[in-house]
Amino acid sequence: MAQIRVLIADDQVVTRSGLVAMSREAPGLDVVGVAQDVAGVLAAVDCGNPDIVLLNLRTLTGDSLRHLVQLIGAHVSVIVLWCHDSAVTIQDALRAKVAGFMDLEILQEEFAGVIALVGRRGCAAYLLPRDRLSDIGEGCSMSSTSGAMSNLTSRENDVLRLLADGMTNKQIGSSLHIAENTVKKHVHRVMIKLSASSRVEAALLVSRLGPRV
């Protein structure tokens, strides 16, 4: 199996070195570059042609994140690593349509698995404590979200639950014994009903409220 090419971008040398070490120890990952700022990220993307950028630039704002993601291009997946002094929020990451958003403090146990989920399966992924999910509801109350979930059909609820578990459309179809195109239609309707802009946002909403039983 081909290795996933990873670029490590962190503005603190200690954290950057730790991420490089973790990546090199993880099976299936190949570190193709490191960077400490936006200019370095863009240069390293051009030179190293990574599959995934692990991005932990603490001074990056929501607007600058969206701009950077646009410059990097759709062929490279960006996973934002969040820590206590990061300026970027979950909402910023959702708006930038990054492939993942993970809390740096709890990353180690799931490190290789989450990267493989994004890099090999093309899934969006998130990894963060439930008590830090509050800002995904910015502009959307818990009651309105809960009400939207109550409008899901039984099948849509099944699809949403499996989507939140990180399954691809093909895997969801296999689990529910329905066609992949049917899954896509269900996912599309779920996202409309929940006013979710991406699979990540829909999954995060499930983490906050839980799917309807």
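Strand 3, helix 3 and strand 4 together form a right-handed β-α-β unit, where right-handed describes a path that runs clockwise from the first strand over the helix to the second when the strands point away from the viewer. The model is a predicted one, in which local features need pLDDT of at least 70 and side-chain atom pairs count only at pLDDT 80 or more, while totals for chains, interfaces and linings use all residues. Residues are numbered from 1 along each chain as its sequence is written, and side-chain values use heavy atoms, with hydrogens and water left out.

**Overall make-up**

The secondary structure of the protein comes to 10 helices and six strands, these being DSSP runs numbered from the N terminus, with helices (H or I) of at least four residues and strands (E) of at least two. Of its 213 residues, 48% count as buried; here buried means under 20% relative accessible area, exposed means over 50%, and partly exposed lies in between, with a 1.4 Å probe and protein chains only. The accessible surface comes to about 10,300 Å², of which carbon and sulfur atoms hold 51%, the areas coming from the Shrake-Rupley method with a 1.4 Å probe and, for residues, with only the protein chains shown counting as cover. Among contacts (heavy atoms within 4.5 Å) between residues at least 6 apart in sequence, 71% join residues at least 24 apart.

Strand 3 (residues 52-56) runs parallel to strand 4, and four bridges join the two; strands are said to pair if DSSP finds at least two bridges between them. In this pairing, Ile 52 stands opposite Ser 77 in strand 4. Strand 4 (residues 77-82) also pairs with strand 5, again in the parallel sense and over four bridges. Along that side, Ile 79 stands opposite Gly 100, and Trp 82 stands opposite Asp 103. Between strand 4 and strand 5 the chain passes through helix 4 (residues 90-96), and this β-α-β crossover is right-handed.

How is strand 4 placed relative to the rest of the structure? Strand 4 is largely enclosed by the rest of the structure, because five of its six residues are buried. Strand 5 (residues 100-103) is covered on both faces, with Gly 100 and Met 102 buried on one side and Phe 101 and Asp 103 buried on the other.

Asn 56 lies in strand 3 and is buried, at 0% relative accessibility. Leaving aside neighbours within four places in sequence, Asn 56 is in contact with residues including Ala 9, Asp 10, Asp 11, Cys 83 and Leu 104.

**Nonpolar cores**

A nonpolar core is a set of buried Ala, Val, Leu, Ile, Met, Phe, Trp, Tyr and Cys residues joined through side-chain atoms within 4.5 Å. The largest one has 25 residues, of which Val 41, Val 53, Leu 55, Leu 65, Val 78 and Val 98 touch the most other members. Two or more residues come from each of strand 1 (4-10), helix 2 (38-48), strand 3, helix 3 (62-72), strand 4 and helix 4. Not counting residues up to four places away in sequence, Val 41 touches Leu 7, Ala 9, Ala 35, Val 53, Leu 55, Leu 57, Leu 68 and Ile 72. A second, separate core of 18 residues includes Ile 4, Leu 29, Ala 99 and Ile 115.

**Salt bridges**

Side chains of opposite charge can pair when their charged atoms come close. A salt bridge is taken as a side-chain nitrogen of Lys or Arg within 4 Å of a carboxyl oxygen of Asp or Glu, and by this rule the count comes to eight. Some of them are listed here.

| Salt bridge | N to O distance |
|---|---|
| Arg 189 and Glu 156 | 3.4 Å |
| Lys 193 and Glu 156 | 2.8 Å |
| Arg 161 and Asp 158 | 3.8 Å |

The salt bridge of Arg 189 with Glu 156 links distant parts of the chain, with Arg 189 in helix 9 (residues 180-194) and Glu 156 in helix 7 (residues 154-164), 33 residues apart. Arg 189 is partly exposed at 36% relative accessibility, whereas Glu 156 is buried at 3%. Lys 193 and Glu 156 also meet in a salt bridge, and this pair too links distant parts of the chain, 37 residues apart; Lys 193 is partly exposed, with a relative accessible area of 33%.

Arg 161 and Asp 158 form a salt bridge within helix 7, where they are separated by about one helical turn because they are three residues apart. Elsewhere, salt bridges that share partners join Asp 10, Asp 11, Arg 58 and Asp 85 into one network.
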